[in-house]
Amino acid sequence: MIFRLTAALLSLLLAFPAAISTAATNPPSANLDIRTSPPPRQPRRLLVTYRPGVSALNRERTHSSVDSRNVQAIGPGRSGGPARAAIEAITPAPGLSLATAAAKLRRQPHVASVELEQIYQSLAPVNDPGFSPNQWHLENTGQVIQGTTGTAGADVSAPEAWARLASSNVSSVTVAVLDTGVDFTHPDLSPNVWSHPGETPNNGVDDDNNGYVDDSQGHNWGSLSQWDTGHGFGYALLGKSSPLNSEIAQSFRGNGGRIAGIWVNLYKFGGPIQDVIVSVRSSLSGPDLASFSVAPDDIVHHSQEKWARWIFDTFSPPLTIAEGQTYYLVFSTDNDDPNHFYAVGDSNGVDAFSDGELSVKGGTWAASPADDAAFELIMDSDNGRGGRPRDDSGHGTHVSGLIGAAANNGVGVAGVASLPSKMVAIMPLRVLDTQGFGYTIDIIDAIYYAADNGADIISMSFGGPGSSAAMQTAIDYAIAKDVTILAAAGNNGN
């Protein structure tokens, strides 16, 4: 009874405002993918659910039917073994449309269903930090807030619930927060972050053989990204100016995961003939840790298209980025003609990425803190190496604070499930990127992860374009394990 009361309080509070403010060579790549805006935040995989008892041979036939070289198992059995996952995310061969691939897959007799992955987005963003210290939603005594007198008792009766919990023999509750991650250093949250009992932190090993490496405090499926090119579209010039800007760098912090691929945003002016080298370094003037080259013909001319071209490529092998260490995504060229040059898409005078800044090398390096390059680092979550679910957005920290901000510590606010002390453990599962967008398959994987690793409640404060049969299967799996599911609803008035 007490557990269900706690779940009910959490479901009410998810609708309230924020509680916490918040060395390589450069060969041409067979993995190169080139698109124009809108860029790669779009469905690119199909979710295939198999009929019971499907054999490994029939799985391979399914993959071959769409010439797929990229298959990700989802849910229980994702790491292989006798219980292979019943759901797979399949990326068709380049040049094969998703619609055509879906039709081919549906004709396979051992396939139960096929659906296109969907894009989900975080809801209820932090937008009124002056309101959150006045937590009338927990206890409304008729206090005056910003000139308005409240209605006594119009609250969720949190003190009464806390009192009942204090006098009851109730165990702690683990809440899996599927969101943008969590700020592990926040004094109001660090005491209440869940720890995986079967995993040793930062040893590079999947200690409990669950398919995830170093998931000692949850896991990350989301990318590290900065997408803001919407303020009149900005760009930083490469191979231009005086002295010539030979390099442009965007800093970011590592999260302990591996980079599986990178999206970058490039334009060209005139007719440059030198490649653009895209690399990652651990210091601005240090050696390239990994890199790839982009040929001039693969970069759109500014007169041809309104928007710069998004270009994707991969590192082989993937590059591991240490937790908390600063790295630099570097764009460089040997161009020596200022009439023929490149441009890197950026945020046009808006500091859009809190975890780094732009620097330009025109003779010497100079910071440009009011700009950030547009990029997306795709983490290797398919192989369980997505890294730590650190929040570089704020939304996941906001939701986690509503639920479990530590009480009676003289700092910040109190979460609805913060009393008694250690009543709640927040399991951060990052399924949304820096801008708050995420994919169906990552959400599904996180639901299974939460259910299999002791979560009592799953919080999903995001919305999407429609239903997903594969996600419903994951939700049913969690419910069968007595997990309560809470999801955002009504944020857009429908």
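In this predicted model, five strands form an open sheet in the order β10-β24-β9-β26-β28, with parallel pairing. Its edge strands, β10 (219-220) and β28 (484-487), each pair on one side only. Strands are DSSP runs of E with at least two residues; helices are runs of H or I with at least four, and both are numbered from the N terminus. Two strands count as paired if DSSP finds at least two bridges between them.

Residues are numbered from 1 along each chain as its sequence is written. Local features need pLDDT of at least 70, side-chain atom pairs count only at pLDDT 80 or more, totals for chains, interfaces and linings use all residues, and side-chain values use heavy atoms, without hydrogens and water.

Strand β26 (residues 457-460) runs parallel to β28, and 4 bridges join the two. I458 has I485 of β28 as its bridge partner. S459 stands opposite L486 in β28. T484 and L486 lie on the covered face of β28, I485 and A487 on the uncovered one. In a regular strand, side chains alternate between the two faces of the sheet.

Helix α5 packs on the sheet and touches β9 (173-179), β24 (424-430) and β26. Contact means heavy atoms within 4.5 Å. The direction of α5 makes about 160° with that of β9; axes are lines fitted to C-alpha atoms, for helices over the stretch in contact, and angles run from 0 to 180 degrees between N-to-C directions. Because 10 of the 10 residues of α5 (residues 395-404) are buried, the helix is largely enclosed by the rest of the structure. Buried means under 20% relative accessible area, exposed over 50%, and partly exposed in between (1.4 Å probe, protein chains only).
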